[in-house]
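Work through the exercises below with the model at hand. Try each task before reading its solution.

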Amino acid sequence: MPNPTTLITNSRIIDGTGNPWFWGDLLLQDERIAAIASPGTIAHDQAETIIDGKGKVVCPGFIDIQSHSILPLMVDGHCLSKITQGVTTEIMGEGWTPAPTGGRIRDPYSASLVNFDVGEWRERMKGWARFGDWMEAMIEQGVSPNIGSFVGGGTLRAYAKGFEMGPANADELATMRRIMAESMEDGAVGIAYALIYPPDTYVKTDEIVEVCKVVAEYNGVYVSHLRSEAETFHEALDETIEIGRRADCPVEVYHLKAAGQPNWHKMPAIIDKIHEARSSGLDITANMYPYHASGTGLAAMLPNWVSADGKFFDNLRDPNLRKQIQTEMSQPESLQMAAQPEVVMPIGFEKPENMQYVGKRLTEIAEMRNQHWTETTIELLLSEEQRIGTIYFKISEENIRLQLPQPWIKISTDAGGYDPIWGKPLGPTHPRSYGTFPRVLGKYVREEKVIPLEDAIRKMTSSVADRLGLKDRGLLREGYFADVVLFDPETIADRATFEDSHQLSVGVSDVWVNGVRVLVDGEHSGATPGQVVKGHGR
């Protein structure tokens, strides 16, 4: 069945290029943009549905380059908290993907260290031998946004070497290169390493270079969660630059930030370093989210060796190893996430006896338990036997304003898509799941005027599509896929907070994905027209 032809009239068109807005009408036919014209020049009888866009902006759908919707989409393909932000494409893959499977991967789900109830999907994951098997399964189920992904660097490493520490041998590296090539041919947009999490953290620079040479052959991208955003921030960025140069591969930096007040002053020099690398010919860019706190697991506060050989919880139970773990946790220069327990707020508890700690800082919880904070951290992880989602208040608002105007910055959520109906019972999450894109458009564009509206939308649309080689997306152009957002620039805003995270954003009235209206006057239509978006390797 063809999609209804839709005419959006009298709106301010922002096409995604960064160029100034202009008045115009937009005609959507089937899954494509059929026409863009001056107001009143497209005959109304060409459309089955006419929408008056007066007072609103129409622009390309937002592309989230760092989404964690892998498991949420298995629970609910509607992706409500993202669709209501205007997100029409989810790009996943930081560190872990549920495919490819095989090799030394026994249970692809367990590698995520997340107790997320995905029902029958957990068993189905074991059959996704190739990267493309996962993508096809999600489309078969039905998803509202388009989906694409990097290959998880940790998954690639686990396939060839499991959770062993140490460098890959020649056979293991050959396996990684073969699986990487297959995944690029299946449509992966590149490789994504999260270098503070095991097993990614066990990977040395030379190994990443060899994998990225394969990615470069397919015109893909290497994206990195740097080894450090704190004490060794500069060295971590230097490594990423080195990898890009040696592999001749484009480089993206995930969620650029300086973590922890002692490191905030480093951001201007980091920005200068990226400018210098670009001036020298390296294709390096970055993305960010607009919040003064990051979010990851409480498990990230422990030394990386604790996860070696898949013995994370066994090692925590060993009394002798616990002493060593606590000693290393107390040395902030050696562990990025371990410093400043007073800024750490665990929220992802599942056991009833631990719910009393939700919303409290780690130091408060330790005091309630009459323990040292390192002991409390270990005991909580053992009690829950999962990573425990945690908020880290370690980011400078001043740096957010400094980073946003950089021409090579994009916007990302670093979060999955939720629905308050099933999300609230799971407990709090980071508000970026619900509010990232509207927060930029409301707070930093309209209220604080940190960047112009047109540039903000470029950072959410064409800059991502161009970076990943997504064909016919990211711009309002005749013949392009009709991924389109209609929003009110005077009211768009985030509502989710750290205290009450499961709140949908406001201001986005309508969203189309491949010409299908998935958001109608702020309400999800139930439609699931998402397609797989593929990188150059396709």
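This is a predicted model.

**Exercise 1. A run of hairpins**

Task: Find the residue in E20 that is the bridge partner of tryptophan 512. Then follow the chain through E20 to E21.

Solution: 
- Step 1. Go to E20 and look across from tryptophan 512: the bridge partner is arginine 517.
- Step 2. E19 covers residues 508-513 and E20 covers residues 516-520. They pair in the antiparallel sense, over three bridges.
- Step 3. Inspect the turn. Two residues lie between E19 and E20, and asparagine 514 in this hairpin has a positive phi near 55°.
- Step 4. Move on to E21, residues 523-524. Two bridges join E20 to E21, and the two run antiparallel.
- Step 5. Pick out a facing pair: leucine 519 stands opposite histidine 524 in E21.
- Step 6. The hairpin of E20 and E21 has two residues between the strands, and aspartate 521 takes a positive phi near 50°.

**Exercise 2. A parallel sheet and its helix**

Task: Give the strand order of the open sheet that holds E6, E7 and E8. Which are its edge strands?

Solution: 
- Step 1. Read across the sheet. The order is E6-E7-E8, and the pairing is parallel.
- Step 2. Look for strands that pair on one side only. These are E6 (62-64) and E8 (146-149), the edge strands.
- Step 3. Neighbouring strands are turned by 20° against each other on average, with direction ignored.
- Step 4. Take the pair of E7 and E8. E7 spans residues 87-92, and four bridges join E7 to E8. Glutamate 90 has isoleucine 147 in E8 as its bridge partner.

**Exercise 3. An antiparallel sheet**

Task: Find the residue in E16 that valine 344 stands opposite.

Solution: 
- Step 1. Locate the sheet. It is open, has three strands in the order E14-E16-E15, and pairs antiparallel.
- Step 2. Note the twist, which averages 30° from one strand to the next.
- Step 3. Go to E15 and E16. E16 holds residues 389-392, and three bridges join E15 to E16.

**Exercise 4. One arginine**

Task: Is arginine 157 buried or exposed?

Solution: 
- Step 1. Locate arginine 157: it is in helix H5, residues 153-161.
- Step 2. Apply the cut-off. Buried means under 20% relative accessible area. Arginine 157 has 1% relative accessibility, so it counts as buried.
- Step 3. Look at what arginine 157 touches. Leaving out residues up to four places away in sequence, its contacts include Glu164, Met176, Tyr202 and Glu207.

Notes
Residues are numbered from 1 along each chain as its sequence is written. This is a predicted model: local features need pLDDT of at least 70, side-chain atom pairs count only at pLDDT 80 or more; totals for chains, interfaces and linings use all residues. Side-chain values use heavy atoms; hydrogens and water are left out. Two strands pair if DSSP finds at least two bridges between them. Axes are lines fitted to C-alpha atoms, for helices over the stretch in contact, and angles run from 0 to 180 degrees between N-to-C directions. Buried means under 20% relative accessible area, exposed over 50%, partly exposed in between (1.4 Å probe, protein chains only). Contact means heavy atoms within 4.5 Å.
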